[in-house]
Amino acid sequence: MIPCIEAVMDFPARFSDLPAATWPRLRALLDVPTEASETINMTIGEPRHAFPAFVGDILAANLQGFAKYPDNYGIPALLDAIGGFLNRRYGLDLPGDQILTLNGTREGLYNAAMALCPEHKNGKPVILTPNPFYQVYAVAALSVGAEPVYVPATEATGHLPDFHALPADVLDRTAIAYICSPANPQGAVADEAYWRALIALAEKHDFILFADECYSEIYRDVPPPGALQVATAMGADPERVVIFHSLSKRSNLPGLRSGFCAGGPKSIAHIRQLRAFAGSPLPEPLQAVAAAVWNDEEHTVENRALYHRKYEIADDILGHVDGYHSPQAGFFLWLPVDSGEPAAVKLWQETGVRVLPGAYLSRDVNGDNPGEKYIRVAMVAPTQELQRGLTLIRDCLYR
């Protein structure tokens, strides 16, 4: 008889305090009947606008690429296309060896910590993350044996983390700080002054910034500044910042799994070295598609126009709600409620609308969870469906 695995193996203690993953946790919460005849899913940030029409033709023209192993770092056409995007968008002029293609940015956000976090930095290294945040940040910290420090990103801090408020001894142990701008879930944007102050703090205490900029192309009027753009203008250490971008939100292609990271030559070399052993490269036909999509800006203008209309709809329906903040960018609403889980259950049971409790995106720190009194609403549905969903949310929770 083969022994049960639990009888022969102790699992790593470093993962012992992980909460249940977001989506299984949500399915369990909402595993109750609803009175509604129709349902509206506003939980996951999966864009439902059309992706560029040329995608199918590019894929069909490159099908033979499935017959060989893909380039682990990115085919030249894709690296050139990404470099062109960075130049147009941020005025950056990066050679191909400072760019690494990724099979979705979650992979990169995780593996960059594996590649770049030291074993020691004035003791046990610290990895900073906003709170609330994209959950891979915390798992990356635990995987490398670092101490995750969750920095509140609340209304009081403009929904961006105030890293300057941390004690000097914590900052001196900090190896990496994750920062998302535009922020998921709040839609706040780090302006140039914020980036300059944060980069100066990282220079002073010698840590690396991992700038998750996956929502950078969904904004109202003014393009959000980029971390590497500001760092370059400041003359900061080129290894100080690594940026992460994706086609999932920019181009409505979450299933393509095309992203990239870019930064200093040493940082990217180390991430490339790890990826040569542990990465999962994007198939070359998909890299050819990604190159064409990164080269095209017309569809991103059309995409932003659709989100502009959605911002207006949200402001019109929910603008009267006490504590409502219209997002500066991105496609999430971060809505105040008495308690996230009961609000989500009430919505589902009474209206058929599914939303995400804010606490599922944040962690308790000293008995306080900054997401506890919020729900996250993804504005990805077609306009009429979105309008109906937001109206149901208003009538159920705010009247």
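A pocket, as the word is used here, is an open set of grid points with protein on both sides within 12 Å along at least five of seven lines. The model is predicted, and its largest pocket has a volume of about 920 Å³.

**The largest pocket**
- The lining is made up of 33 residues, and Trp23, Ile44, Arg106, Tyr134 and Gln135 are the ones nearest the centre.
- Helices α2 (22–29), α5 (105–116), α6 (136–143) and α10 (247–250) are the elements that each give two or more residues to this lining.
- Sorted by class, the lining holds 17 nonpolar, eight polar and eight charged residues.

**Two helices side by side**
- Helix α4 (residues 76–90) packs against helix α12 (residues 284–294) at an angle of about 20°, and their axes are 8 Å apart.
- Angles under 35 degrees count as roughly parallel, so α4 and α12 are roughly parallel to each other.
- Their crossing is left-handed.
- On the α4 side, the contact is made by Ala77, Leu78, Ala81, Ile82, Phe85 and Arg88, and on the α12 side by Gln287, Ala290, Ala291 and Trp294.
- These contact residues comprise eight nonpolar, one polar and one charged.

**Backbone points to look at**
- Most residues other than glycine have a negative phi, and most peptide bonds are trans.
- The bond from Ser181 to Pro182 is cis, with omega near -5°, and Pro182 sits in the loop between β5 (174–180) and α8 (192–205).
- Asn184 and Pro185 are also joined by a cis peptide bond, with omega about 25°; Pro185 is in the loop between β5 and α8.
- Asn122, although not a glycine, has a positive phi of about 55°, and it lies in the loop between α5 and β3 (126–131).

Terms used
Residues numbered from 1 in each chain as written. Predicted model: local features only at pLDDT ≥ 70, side-chain atom pairs only at ≥ 80, totals over all residues. Heavy atoms only, no water. Axes fitted to C-alpha atoms, helices over the stretch in contact; angles between N-to-C directions. Helix = DSSP H or I, 4+ residues; strand = E, 2+ residues; numbered from the N terminus. Parallel < 35°, antiparallel > 145°, perpendicular 65-115°, else oblique. Left-handed = near helix turned anticlockwise from the far one by under 90°. Contact = heavy atoms within 4.5 Å. Nonpolar A, V, L, I, M, F, W, Y, C, P; charged D, E, K, R; others polar. 1 Å grid on protein atoms, 1.4 Å probe; cavity = no way out; pocket = protein on both sides within 12 Å on 5 of 7 lines; lining within 4 Å. Points joined across faces, edges and corners; volume = space filled by probe spheres on them.
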